[in-house]
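Here is my note on the model you sent.

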Amino acid sequence: TLGRRPEAKREMESAIAEFERAADPASLARVLNDLAIELAQAHDLTGASRLLERALVATRAASPTNSGATIIGNLGNIDLLRGRPDLAEIRFRETVAIFRGLERMSKLSFALHNLASALWEQGQVAEARERLDEAIELGRPGAAASLLDQAFLDRGCWDLEAGQIGGAVAAVEEVARLADEIGTAEVAAHREILRGHIARSLGESAEALERFATARRLLLGAGAGDQVVDLDLQVADLRAAEGDLATARALLNGVVTPLRGRGDRLALLLGEAQLARLDVREADFAGATRRLERLWGAGEKSPVVKLRIALLGARAELAVAEGRPADARRDLETA
């Protein structure tokens, strides 16, 4: 919480050893789960998955009636980071059913939000909105109310994608209220991110960049490096749109270079798709072709709709630059 993540990681590793010696599987499961989250935020998705599987075994050893729903949900979040929302959806539907049956409303709120995210990534917009609205309504009265900032951030961003500025403004007011109540850097960062998206949608690029820069500082201070990756992809896209290709490329290289060979496949593929568009704009058509050929096999049939759109858009831009308008039209119409 204080942003001292290396110290936290060391303490959790010590706790694992102590709980193993004490033969305390319930406590062991909790700390394995927490350490897995740390690894995921450092982009070690393989290590995080292994710890979560160990945590699931430990929690069920502690109590055969324990479903391990929270751990299952975290495994679903790993699936999302890997660009497999279809697999995540299966896990999240399981957690929703478990928490609904137990009438654990705050936990159910989180599970519904996760399910909404998996559905949105696959383009199942109507159900995604229904599940997100249900998550917010369930979370408002209880302990989860103070942790709804991410849900309101998603609602605002989804409204902006649909051209509904008013909905996004209402969402940012909710996030701002939570930021004032809670006072953590991460919630304040979410407020600035949504304000930045609103500014960009209104054509106010300078304000958007300022908001995003503030959010980035806040996230880094809170140790939330995983969220900085997504933010840098957004800023790179805005810089490229403003014609600042050098800054955009530097940002994208900062995202994709540490992810190559790691587990965070979705962010890597999205960053590479943006780099392909920069290749085209810098007249490196051969480089763009090679990059897109590498990406196409992994992304063509991806369940993540925004990835398929990004790849089609990049390929269409290359086709335009090379004088192949029919190919460009086909890809743009598909997108």
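**Notes on the fold, cores and charges**

1. Burial comes first. Of the 335 residues of the protein chain, 47% count as buried. Keep in mind throughout that this is a predicted model.

2. The chain has 17 helices and zero strands. Its C-alpha atoms fill a box of roughly 70 × 40 × 35 Å along the principal axes.

3. On contacts, take pairs of residues at least 6 apart in sequence. Of these contacts, 52% join residues at least 24 apart.

4. The largest nonpolar core has 79 residues. Those with the most contacts inside it are Trp158, Leu194, Leu219, Leu231, Leu278, Leu307 and Leu311. Which helix gives the largest share of this core? Helix H14 (residues 265-281) does, with ten residues.

5. Leaving aside neighbours within four places in sequence, Leu307 is in contact with Leu266, Leu269, Leu270, Gly299 and Ser302. Another core lies apart from the largest one. This other core has 21 residues, among them Leu32, Ala36, Leu51 and Leu56.

6. Now the charges. Side chains of opposite charge can pair when their charged atoms come close. The structure holds 40 salt bridges. One of them joins the side chains of Arg54 and Glu20, at 2.8 Å from N to O. Arg54 lies in helix H3 (residues 45-62) and Glu20 in helix H1 (residues 5-21), so this pair ties together parts that are 34 residues apart in sequence. Both ends are partly exposed: Arg54 has a relative accessible area of 39%, and Glu20 is at 42%.

7. Arg84 and Asp86 also meet through their side chains in a salt bridge, 2.7 Å from N to O. Arg84 is partly exposed at 35% relative accessibility. Asp86 is partly exposed too, at 22%.

8. Arg324 forms a salt bridge with Asp327, with the closest N and O atoms 2.9 Å apart. Arg324 counts as partly exposed at 31% relative accessibility. Asp327, with a relative accessible area of 25%, is also partly exposed. Elsewhere, salt bridges that share partners join Glu89, Arg93, Arg100, Glu127, Glu130, Arg131 and Glu134 into one network.

9. Please check Asp154. Is Asp154 buried or exposed? Asp154 is buried, yet has no salt bridge. The nearest side chain of opposite charge is Lys306, 8.9 Å away. A salt bridge needs the nitrogen within 4 Å of a carboxyl oxygen. Asp154 sits in helix H8 (residues 149-161). Not counting residues up to four places away in sequence, Asp154 touches His113, Ser117 and Leu132.

10. Last, Gly297. This residue is found in helix H15 (residues 285-299). Gly297 is exposed, with a relative accessible area of 70%. How far apart are the C-alpha atoms of Gly297 and Ala250? They are separated by 25 Å, and the two residues are 47 apart along the chain.

Note on methods:
Residues numbered from 1 in each chain as written. Predicted model: local features only at pLDDT ≥ 70, side-chain atom pairs only at ≥ 80, totals over all residues. Heavy atoms only, no water. Helix = DSSP H or I, 4+ residues; strand = E, 2+ residues; numbered from the N terminus. Buried < 20%, exposed > 50% of the residue type's maximum accessible area, 1.4 Å probe, protein only. Core = buried A, V, L, I, M, F, W, Y, C linked by side-chain atoms within 4.5 Å. Contact = heavy atoms within 4.5 Å. Lys, Arg positive; Asp, Glu negative; His and termini not counted.
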